[in-house]
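Dear colleague,

I am passing on a structure for you to look through, and below it I have set out what was found. Please keep it open beside you as you read.

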Amino acid sequence: MNKDSDAKLATIQQKLQALYDDQTSLGSFLMQVVEFAAEYAGADSCTLYLYNTKQEALLLKAVGGPNPDAHAQKSVGKSEGIVGTAVSQLRTIRASTDGDDYGSEMVVPVRRGPRRLGAFVLKH
């Protein structure tokens with residue numbers, strides 16, 4: 001790694017550590033995480049869904065970024081749309097949208113091994 005990469009990695013590590021250290025509630029922590037993800041990815045909006053095994057659905061937990069997605073669904077079925085598909089297949093999906101508020105979106109599943117935990121939706 002070069003000096004710029006090392007400095008960027010150190011900054012990211014410091015910001016993440018500050019998130020862990022400063023939060024008093026889970027909701028506040030999740031909001032900070034989506035703000036950080038949107039900033040890091042240069043996204044207009046970042047949405048976080050967490051998977052509820054009893055409901056077999058992804059539930060909206062946090063929305064952030066410079067232009068938060070006000071139209072984010074509150075719940076998404078485990079195989080519904082781009083978000084459900086990405087999580088059910090445990091793969092990142094990128095899509096371009098025409099005539100929408102955003103030009104493109106990327107859904108990144110969150111997992112621990114084969115276990116589905118949720119997804120980040122980044123929109124540009």
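Is Glu56 buried, exposed or partly exposed? Glu56 is partly exposed, with a relative accessible area of 43%, where buried means under 20% relative accessible area, exposed means over 50% and partly exposed lies in between, using a 1.4 Å probe and protein chains only.

Before going on, please note that this is a predicted model, in which local features need pLDDT of at least 70 and side-chain atom pairs count only at pLDDT 80 or more, while totals for chains, interfaces and linings use all residues. Residues are numbered from 1 along each chain as its sequence is written, and side-chain values use heavy atoms, with hydrogens and water left out.

Glu56 sits in the loop between strand 1 (45-52) and strand 2 (57-64), and although Glu56 is not a glycine, its phi is positive, at about 50 degrees. (Strands are DSSP runs of E with at least two residues, helices are runs of H or I with at least four, and both are numbered from the N terminus.) Leu90, also not a glycine, has a positive phi near 50 degrees; Leu90 lies in the loop between helix 3 (81-89) and strand 4 (93-96) and, at 19% relative accessibility, counts as buried.

Rings of Phe, Tyr and Trp (its six-membered ring) pair if their centres lie within 6.5 Å, and planes under 30 degrees apart count as stacked, over 60 as edge-to-face and the rest as tilted. By this rule there is one aromatic pair: the ring centres of Phe36 and Tyr40 are 6.2 Å apart and their planes are at 15 degrees, so the pair is stacked. Phe36 and Tyr40 are separated by about one helical turn because they are four residues apart in helix 2 (residues 26-41). Phe36 is buried, with a relative accessible area of 16%, whereas Tyr40 is exposed, at 51%.
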